[in-house]
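Please look at the structure first.

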Amino acid sequence: MVMYHCRQQFSEVRTPELLAKLVDVVSSSGGSNRNTHTLAMVAGSSSRPAVASSSVPAYEPPTQSVASPSFAVDLRGNVGDEVGTGEHLPTSLHCATPAGVGDGLCDDPDNDDVEPDLIADDSGDDLGASDPRGAAGGFSSGTQQYPPHFSSLDLDAMRDDGLPGQQAGFGARDADGSAGMTEFQYKVIESDYRRYVGKCYEFGNGCTWLIRLSLRQRKGIWEVKRYNGPHTCLTTSISSDHRRLDYHVISTFIMPMVRADASVNIKVLQNATAAYFGFRPTYRRVWMAKQKAVAVIYDDWDELYNELPRWVLGVQLTMPGSVAVLQTCPVRVGGQLDESQAYFHRLFWTFPPCIEAFRHCKPLVSIDGTHLYGKYGGTLLVAIAQDGNSNILPVAFALVEGENAESWSFFLSHLRQHVTPQPGLLVISDRHNGIKAALESPDGGWLPPAAYRAFCIRHIAANFALTFKGKDARRLLVNAAYAKTKVEFDYWFNILRSENPAMCDWANRIEYSLWTQYSDEGCRFGHMTTNISECVNSILKGVRNLPVCLLVKATYCRLAKLFVRKGREAQAQLGTGQQFSQYLVKCIEANLKTARCFTMTVYDRDNSEYTVAETTPTGSFSLGSYRFSDL
């Protein structure tokens, strides 16, 4: 209870901002001039939480960088400045553009719950992005080169009965309520505010489908001046995809679902899009649409990378004692070093209440890594502790390029330096080679007797099952690991040996102190898995789909709520005169209830030997007797 009683107040972080708003200027003719804007600037402070705004900001594609095309910029240690060290900070921070992997990416991954780390832009989806004459028709977004209201123009409704002079229809739907897309696809030949011309993709190759519309300015309507239909192209099969269903259109459609739940699965969005439009887009296209929707709702991905150093400095100013180590990589343009910009590399952070609270926790930490599902991928590393009342407490975080020896060394070295300097600490983790290299580093501070290591039995069992099939064998291995005495361990291990001696040989290759409970000398405190880390990863699943700055803000806000809530609970318990935590009280009561089943008598007073008889809870049957000595 003391750990939350000694908390510090999480204050509101305010960072100065300059808001620039572009406003379309209405020309004297009454139309909107897209090339003329009014620039309104407002200077102030911001304390925006990491939640969706009710207004939707305008999205503009980020400027492509010309430097290193990899997120894992430099793993050889050639990093730049660090926040909090007093050194120079770059004026602009970016995440390097991911390398193109579109050709090698499967549309449908085998695991529905695993999002792709990096997916390159799909240039085929944005037809005519560079040439207005190549834009797609119909349901394409307003980013293309024709008036925005054509995004709801139903040209397919004209395919059978369109006649010159007929008014073009808007928003029409098929009988089943789905959007009016057919298997016939067309391309835009000409598009401006007075005329619109579209032709079938097979025009001149066996099809004569064409449509030309003109604006009647006096009546404010669009009129079909020419229509050659229906389609005469020889379509042998109906495609499940559609060119006009690009990721801009999909992004607009799925935006309410992404706003409600940023962790919504790509397969769910893919199925919803197929049900609505009648065509099933590729996995990659829906993934790109989701990233654009996230950028529209929460802000641009690259801009939030740029905001991260400012926000971190704001936390350090408002909460002294906060630790944030930001590593960057230099940007080189034409062989010259650009000191005004830098690429994001790694970030370690923790807060003073977490550092103070860990002093009152069990001397162990559970570490784990989990993937980020956003535009630039990456990995979130976490260190989790637990107090005497079984409360889970995140004590440190890190954003890195992936799980490798360098990234784990970065995380564990700062964890040891800033959060866990206590001797005799136990680290529970999986068997990742990067963790092994970091913990065994001579200058890392994690070698015995300063610290010890233990494996998660769930990961051990998973690796065991890859070699030996069958649930029974896996269960026997887990039971042997959970055994609290050597006698119990030998019992389960002998059964495992009778099943297959090779199973015991596999297990014997791992030191018993790393995976068995009976030989851990009590350092595990009963923790056999990294479940407390997995629990925090699950809680952060939603924000793992968002830009990194919002993820860092989310850890701040959620920890603030946690300390306030647990602090009030601890104060209430202390106010009622309770000396022990609720969990300890329950354990004492359970032991007292079990103790009624034992009867102890003196067997040999001189040698301090005793006899203990165990009976059933009702006392009807004897379960055996034991003799032990104090010597």
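The largest cavity is lined by Trp-311, Val-312, Val-315, Gln-316, Ser-322, Val-323, Ala-324, Trp-349, Thr-350, Phe-351 and Val-552. Helix 5 (301-318), strand 8 (323-333) and strand 9 (336-350) are the elements that each give two or more residues to this lining. The model is a predicted one.

**Largest cavity**
- Its volume is about 60 Å³.
- Helix 5 supplies the largest share of the lining, four residues.
- Eight lining residues are nonpolar, three are polar and none is charged.

**Other cavities**
- The whole structure holds four cavities of 30 Å³ or more.
- The second largest cavity has a volume of about 40 Å³.
- Trp-301, Tyr-305, Leu-372, Gly-374, Lys-375, Tyr-376, Gly-377, Leu-546, Pro-547 and Val-548 line the second largest cavity.
- That lining has seven nonpolar residues, two polar and one charged.

**Helix 5 against helix 15**
- Helix 5 packs with helix 15 (residues 548-575) at an angle of about 30°, and the axes lie 8 Å apart.
- Angles under 35 degrees count as roughly parallel, so helix 5 and helix 15 are roughly parallel to each other.
- From helix 5, the contact uses Leu-304, Tyr-305, Glu-307, Leu-308, Trp-311 and Val-315.
- From helix 15, Val-548, Cys-549, Leu-550, Val-552, Lys-553 and Tyr-556 meet them.
- By class, this contact has 10 nonpolar, no polar and two charged residues.

How values were computed:
Residues numbered from 1 in each chain as written. Predicted model: local features only at pLDDT ≥ 70, side-chain atom pairs only at ≥ 80, totals over all residues. Heavy atoms only, no water. 1 Å grid on protein atoms, 1.4 Å probe; cavity = no way out; pocket = protein on both sides within 12 Å on 5 of 7 lines; lining within 4 Å. Points joined across faces, edges and corners; volume = space filled by probe spheres on them. Nonpolar A, V, L, I, M, F, W, Y, C, P; charged D, E, K, R; others polar. Axes fitted to C-alpha atoms, helices over the stretch in contact; angles between N-to-C directions. Parallel < 35°, antiparallel > 145°, perpendicular 65-115°, else oblique. Contact = heavy atoms within 4.5 Å.
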